[in-house]
Amino acid sequence: MAKTVADLLVERLLDWGVKVIFGLPGDGINGFFEALRQHQDKIQFIQVRHEEAAAFAACGYAKTTGSLGVCVATSGPGGIHLLNGLYDAKYDGQPVLAITGHTFHDLIGTHFQQDVDLDKVFMDVCEYNERLMGPNHVHNIVDEAIRTALARRGVAHVTIPKDIQEWPSDLMKPSTMNIPHHSGDNFAPASSLPSRELLQQAADLLNQGKKPAILVGRGAYRARNEVLQVAEKLGAPIIYALLGKGVVPDEHPNVTGGLGLLGTAPSMDAMKECDTFFIIGSNFPYQQFLPQPGQAKCMQIDIDAARIGLRYPVDVPLVGDTRRVLEALIGMVQPKSDKSFLEKIQKNRDEWDKLMEERASRMDKPMKPQVVTKLLNKFLADDHIIISDCGTVTTWSSRYIKMRDRQMFTCTGMLATMANGLPYSVGAAFAHPGRQILCYIGDGGFTMLMCELATIVKYKLPVKVVVIKNNTLGQIKWEQIVMESNPEFGCDLHPIDFAKYAEAVGCPGFTIDDPKKAEATLKEAFAVQGPAVIQAVVDPHEPPMPGHVQMSQAYQFAKALIRGEKYAPEIIKTVLENKIKEVV
Ligand SMILES: Cc1ncc(C[n+]2csc(CCOP(=O)(O)OP(=O)(O)O)c2C)c(N)n1
Ligand SMILES: [Mg+2]
């Protein structure tokens with residue numbers, strides 16, 4: 001049988017090394033699906049239950065590998081469903097290729113069925129966004145799309161009218177200006193280094209500083225040893241942005257934990273007091289948690305020159321791959337003998353750890369979310385992949401999951417979208433066969449894409465899903481109360497028995513509601529081969545307090561309670577029991 005345009009497209013994806021595509025079929029993309037069927041021995045199609053999950057899975061694949069994630073959806077509604085996952089990739093700088101169908105090429109613009117110009121819809125989310133118009137367009141378009149996604153670390157989109165997918169590959173000659181095979185299928189990342197002068201300037205400032213602090217983000221993920229070496233030489237605390245969790249092991253003496261509302265008090269202290277600020281591969285957005293402008297001399301390493309100085313006035317810009325830049329810099333950095341700043345922050349860290357430990361050791365009911373989260377560490381392998389969803393769960397995972405060895409952590413960063421957890425786990429499982437995955441997720445985030453448990457079960461993926469069940473959109477409830485001084489509104493969730501749901505989908509479901517039995521139940525659940533769901537029923541009134549609570553926040557909190565918060569007595573009880581030690 002003659003090859004089709006869709007065959008050419010699949011073969012070009014293979015040339016680029018694409019092995020997995022996440023998606024869901026529809027009549028607008030059936031030609032491409034036939035090509036996937038014909039090539040199923042070389043490229044794996046993974047069927048999800050909602051196209052949003054396909055885009056999230058592709059993003060999770062990209063985040064856990066550093067290479068291209070690919071998703072596919074049909075014309076019209078299928079493509080529209082991809083959007084949130086694609087924005088997640090855009091906002092966290094992940095290379096993702098989306099392939100969609102369009103209606104028949106000669107009916108576009110005639111109010112025909114599913115005649116949605118997805119290339120117009122996707123204009124804002126994409127770095128590259130084109131219609132594929134025929135057999136001689138395939139290589140040019142696919143090469144350009146993939147190269148651009150990788151080079152600009154963003155989303156590329158190719159949409160193909162339904163009938164064009166099925167056209168024979170030899171239907172027409174190329175146009176006179178299009179020489180076949182002129183376009184190439186390889187990509188090399190930029191590998192430039194800053195000049196010697198800039199490196200020396202950075203080293204001089206680092207050597208002169210008395211109170212150095214290092215902030216690492218996702219961009220430092222491949223530079224663990226180098227970050228540790230620099231930090232140890234300087235005696236600098238290492239603070240991480242959420243997506244930088246796992247860059248360095250949490251138990252390392254220089255590591256003070258996360259930054260921001262979900263971060264730690266010692267990280268806040270280090271930022272507040274440092275005189276030398278070294279940003280390595282991060283564009284952590286909340287400026288109020290960074291040093292004040294003018295407070296510290298600042299060096300920043302970023303692969304993207306456009307991001308230098310985004311959050312803090314930088315004295316020495318260092319553009320390049322974090323690992324290579326650090327390698328070039330390390331020899332110029334002198335070991336500091338005065339480590340008093342680090343020692344002070346370490347003392348704060350010890351106090352903070354004690355407080356966290358206290359919160360996680362409560363044996364009373366209702367169970368505190370911290371208790372079960374801390375216990376999870378006992379069951380994680382040295383190369384476990386930890387996926388967190390968005391909510392108060394992000395605070396608990398950020399603070400209580402202690403990264404070690406080859407463990408990897410990821411979540412949604414700049415978009416901070418709910419429901420990434422299950423599909424990211426799917427993406428990570430296909431990216432890293434053989435590795436265990438923890439999906440740590442709230443009941444709100446879980447219910448948004450709970451259909452994806454079916455994907456996990458269908459492909460027998462080694463994912464343990466821990467649902468933190470507080471029957472509320474907890475993060476927003478606390479924001480309404482603490483940030484806005486409004487009583488909670490619109491956050492309570494209708495309770496669902498997720499253990500029963502798991503069983504209905506086809507995997508074991510466990511329930512933990514008693515802290516005394518939590519460890520035994522987790523042990524049983526983690527002994528399951530393949531997927532399992534553990535619902536942890538927790539106290540909905542446990543607030544995710546910031547490392548240091550501002551007096552103004554305490555005031556807002558009180559005001560919301562007075563203004564008619566319906567759970568005021570329970571909240572007051574919890575807060576009094578916790579003795580709110582975070583207040584400055
Ligand atoms: C798609 C989307 N909708 C809404 C929000 C706003 N939001 C952020 S966290 C959150 C609550 C999450 O609830 P849940 O998953 O139950 O976790 P919890 O906060 O209770 O731990 C909401 C509604 C969001 N980030 N993303
Ligand atoms: Mg919840």
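Colleague: Where is Ala 419 found?
Modeller: Ala 419 sits in the loop between β14 (408-410) and α15. Keep in mind that this is a predicted model.

Colleague: What is phi of Ala 419 near?
Modeller: It is near 80°, a positive value in a residue other than glycine. Most residues other than glycine have a negative phi.

Colleague: Is Ala 419 buried or exposed?
Modeller: Ala 419 has 27 C-beta neighbours inside 10 Å, so it counts as buried. The cut-off for buried is 20 or more.

Colleague: And how many residues of helix α15 are buried?
Modeller: 11 of the 11. So α15 (residues 421-431) is largely enclosed by the rest of the structure. Tyr 424 and Phe 430 are among the buried residues.

Colleague: What about His 111, which phi does it have?
Modeller: About 55°, positive although His 111 is not a glycine. His 111 lies in the loop between β4 (96-102) and α5 (118-121).

Colleague: Buried or exposed, that His 111?
Modeller: His 111 counts as exposed, because it has 6 C-beta neighbours inside 10 Å.

Colleague: Which residues does the cis peptide bond join?
Modeller: Lys 365 and Pro 366, with omega about -5°. Pro 366 is in the loop between α12 (340-360) and α13 (369-376).

Colleague: Let's switch to the ligand. How many residues surround ligand 1?
Modeller: 19 residues surround ligand 1. Gly 391, Thr 392, Gly 442, Gly 444 and Gly 474 are the closest. By class, the shell has 7 nonpolar, 10 polar and 2 charged residues.

Colleague: Which helices each supply at least two residues of that shell?
Modeller: α14 (392-400), α16 (443-448) and α18 (474-483).

Colleague: Now the sheet. What order do its 6 strands have?
Modeller: The order is β9-β8-β7-β10-β11-β12, in an open sheet with parallel pairing. β9 (255-258) and β12 (316-319) stand at the edges with a single partner strand each, so one side of each has no neighbour in the sheet. On average, neighbouring strands are turned by 15° against each other, direction ignored.

Colleague: Which helix packs on the sheet, touching β7, β10, β11 and β12?
Modeller: Helix α8 (residues 196-208). Its direction makes about 125° with that of β12. Helix α10 (residues 265-273) lies across β7, β8 and β9, at about 105° to β9.

Colleague: Last one. Which domains does the assignment give?
Modeller: Domain 1 (5-165), domain 2 (196-347) and domain 3 (360-583). The C-alpha centres of domain 1 and domain 2 are 38 Å apart.

How values were computed
Residues numbered from 1 in each chain as written. Chains lettered and ligands numbered in written order. Predicted model: local features only at pLDDT ≥ 70, side-chain atom pairs only at ≥ 80, totals over all residues. Domains from an automatic or database assignment. Near = placed C-beta within 6 Å. Helix = DSSP H or I, 4+ residues; strand = E, 2+ residues; numbered from the N terminus. Nonpolar A, V, L, I, M, F, W, Y, C, P; charged D, E, K, R; others polar. Pairing = 2+ DSSP bridges. Axes fitted to C-alpha atoms, helices over the stretch in contact; angles between N-to-C directions. Contact = placed C-beta atoms within 7 Å. Buried ≥ 20, exposed ≤ 12 C-beta atoms within 10 Å, placed from the backbone.
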